[in-house]
Amino acid sequence: MTAQELPNGFTGFANRKPGFEPASASVGHTPVGGYTTGGGAALAGVPAGYERGAQGAFQYARDHARPDAGAASFDPDKLRLIPDTDRRWAWTEVDLNALRHNVASLKRHVGPGVRVMAVVKADGYGHGAVRCAKTALNSGAEYLGVATVNEAIELREALVNAPILVLSQPPDEAIPLLLAYKVMPSVYTPDFAIRYAEAADAFGIRAPYHLAVNTGMNRIGVRHDQVVEFLSQVSFHRALDLVGTFTHFATADAPETLDFHIQTKRFLEAIQGMRVAGVDPGIIHAANSAAAIRYPDVHFDMVRPGIALYGLHPCPETRTMIELKPVMSVHARVTDARLVPMSEGVSYGMNYRSPGSVKICTIPVGYADGLRRGLSGRTDFIVSGQRFRQVGNICMDQCMFEVDMRIYGTRRRVDPQIGDEVVLVGRQGDSVVTLDDMANTLGTIHYELSIGFAQRMPRVYV
Ligand SMILES: *Cc1c(COP(=O)(O)O)cnc(C)c1O
């Protein structure tokens with residue numbers, strides 16, 4: 001076979017004249033990203049654009065969706081209207097009603113007089129920070145907590161105007177952003193406090209902040225027994241405005257409670273010390289979801305639930321204490337399906353071999369979408385209300401599951417077809433797969449998994 005006869009129409013470089021330059025190719029396109037198709041001279045009788053070597057190929061130009069002379073033109077507005085879920089059969093569903101329910105449950109649980117700060121860091125634990133923040137605020141939350149300055153700015157640019165606290169101390173260089181977007185930092189170094197105050201003073205405004213107190217987690221904060229000393233170092237600055245004082249628990253979700261009580265005691269002593277020194281601690285807050293649900297003593301003026309907003313229990317102990325509804329579910333559609341003969345392998349490594357009489361179905365979800373590779377062969381998907389085992393190694397963008405095609409007694413046989421819906425996380429009929437199940441299998445926590453599922457999949461709010 002000569003190069004001209006290659007079955008896919010690719011002629012290869014061997015066939016090109018010496019001195020061939022892609023830029024002078026006869027089809028008149030601009031090579032982009034190293035594409036050099038269509039290098040052959042136009043053949044007599046062949047319509048323009050179908051020269052040898054260009055056969056079946058797109059003609060690449062810089063502006064992909066723009067009308068090109070003589071080429072098909074597409075209406076960019078119509079293209080945009082094709083929903084993400086029709087571009088790829090995989091999506092997460094975010095049930096904002098469930099979020100409303102969870103905020104209301106938490107509010108009822110903590111009672112009147114205790115504010116709720118909705119923690120929407122990490123894009124709302126993968127649920128979408130802006131929509132979740134707005135929904136939480138409409139359901140009774142009054143404050144927002146984020147991890148980074150950019151997360152706060154995203155909320156402001158989406159016209160969220162509730163108070164926002166960054167739950168750590170940002171770099172000094174970010175101070176103008178804090179002031180411009182009216183975002184409060186957590187503060188624990190005198191240097192930052194002074195720089196922040198001076199910058200605010202230069203604009204003739206106040207520098208509101210929350211003081212972070214380290215009561216034992218040893219992550220951030222002024223040590224509980226050095227709070228008064230810290231305040232004396234910065235209190236001369238008139239612009240500084242202490243709006244709140246908080247700590248964070250390391251073990252509020254643990255069965256063992258000794259460390260939790262030590263942290264609580266230290267926090268109370270620090271607050272007491274501030275009062276004795278004549279400093280108003282402002283809004284006092286400490287409780288994450290686990291503490292807010294388990295320990296009424298540490299509600300103080302405000303609680304800071306994150307995970308519970310999204311309907312996930314921070315620990316087994318809270319299951320009987322509050323009713324939460326999961327907000328996220330994960331969905332896909334079957335993209336391919338085939339009967340695989342006995343002993344044939346499936347996926348990379350072929351660790352799974354067909355036992356015979358099985359249909360292997362493919363969905364377009366992989367570890368790049370948060371379906372962790374460690375779940376290979378260890379999680380179930382739901383189709384038509386029945387559970388099916390994921391089999392073979394989970395690939396980056398796809399994975400497979402197994403459907404037993406044998407007939408047993410009265411069991412209704414499910415025979416998935418291309419396009420059928422698959423639930424990876426959530427409920428369908430009587431079957432449920434939870435993020436908790438997956439986290440337990442992996443030896444991690446569901447926080448990590450909900451965030452993972454936001455990596456690439458489109459999100460649908462319902
Ligand atoms: C993340 C975070 C929270 C929320 O914790 P959950 O366990 O998700 O409720 C509260 N406070 C601080 C300081 C945090 O970093």
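Tyr 348 sits in the loop between strand S13 (345-346) and strand S14 (352-353); helices (H or I, at least four residues) and strands (E, at least two) are DSSP runs, numbered from the N terminus. This is a predicted model, in which local features need pLDDT of at least 70 and side-chain atom pairs count only at pLDDT 80 or more, while totals for chains, interfaces and linings use all residues. Residues are numbered from 1 along each chain as its sequence is written. Here is a tour by topic, starting with the annotated sites.

**Annotated sites**
- Under "active site", an unreviewed UniProt entry lists Lys 121 and Tyr 348; UniProt positions are given in the numbering used here, feature names are shortened, and annotations may be inferred rather than shown by experiment.
- Tyr 348 is partly exposed because 13 other C-beta atoms lie within 10 Å; a residue is buried with 20 or more such atoms, exposed with 12 or fewer, and partly exposed in between, with C-beta atoms placed from the backbone.
- Leaving aside residues up to four places away in sequence, Tyr 348 touches Asn 393 and Cys 395; a contact means that the two C-beta atoms, placed from the backbone, lie within 7 Å.
- Lys 121 belongs to helix H3 (residues 121-126) and counts as partly exposed because it has 19 C-beta neighbours inside 10 Å.
- The UniProt annotation "modified residue: N6-(pyridoxal phosphate)lysine", again from an unreviewed entry, covers Lys 121.
- Beyond four places in sequence, Lys 121 is in contact with Gly 145, Val 146, Ala 147, Glu 151 and Leu 167.

**Around the ligand**
- Lys 121 and Leu 167 are both part of the ligand's surroundings, together with Val 119, His 248, Asn 288, Ser 289, Arg 304, Pro 305, Gly 306, Ile 307, Ala 308 and Pro 314; a residue is near the ligand if its C-beta atom, placed from the backbone, lies within 6 Å of it.
- Sorted by class, this shell holds 6 nonpolar, 4 polar and 2 charged residues; Ala, Val, Leu, Ile, Met, Phe, Trp, Tyr, Cys and Pro count as nonpolar, Asp, Glu, Lys and Arg as charged, and the others, Gly among them, as polar.

**Backbone angles worth a look**
- Most residues other than glycine have a negative phi.
- Tyr 125, in helix H3, has a positive phi near 50°, and it is buried because 25 other C-beta atoms lie within 10 Å.
- Met 350 also has a positive phi, near 50°; Met 350 lies in the loop between S13 and S14 and is exposed, with 11 other C-beta atoms within 10 Å.

**Helix H4 and its packing**
- Helix H4 (residues 129-138) has Ala 129, Cys 132, Ala 133, Lys 134, Thr 135 and Ala 136 as its buried residues.
- Those buried residues pack against helix H2 (96-110), strand S2 (115-119), H3, strand S3 (143-146) and helix H5 (149-157).

**The chain and its core**
- The chain contains 12 helices and 21 strands, and 40% of its 462 residues count as buried.
- Among contacts in the chain with a separation of 6 or more, 63% join residues 24 or more positions apart.
- The largest nonpolar core has 111 residues, and Met 117, Ala 118, Leu 144 and Leu 424 have the most contacts inside it; such a core is a set of buried Ala, Val, Leu, Ile, Met, Phe, Trp, Tyr and Cys residues joined through C-beta atoms within 7 Å.
- At least three residues of this core come from each of domain 2 (94-320) and domain 3 (328-433), with domain bounds taken from an automatic or database domain assignment.
- Leu 424 touches Val 330, His 331, Ala 332, Val 365, Leu 371, Phe 381 and Val 433, not counting residues up to four places away in sequence.

**A loop contact**
- Ile 418 and Ala 337 are 81 residues apart in sequence, yet 6.5 Å apart in space, C-alpha to C-alpha.
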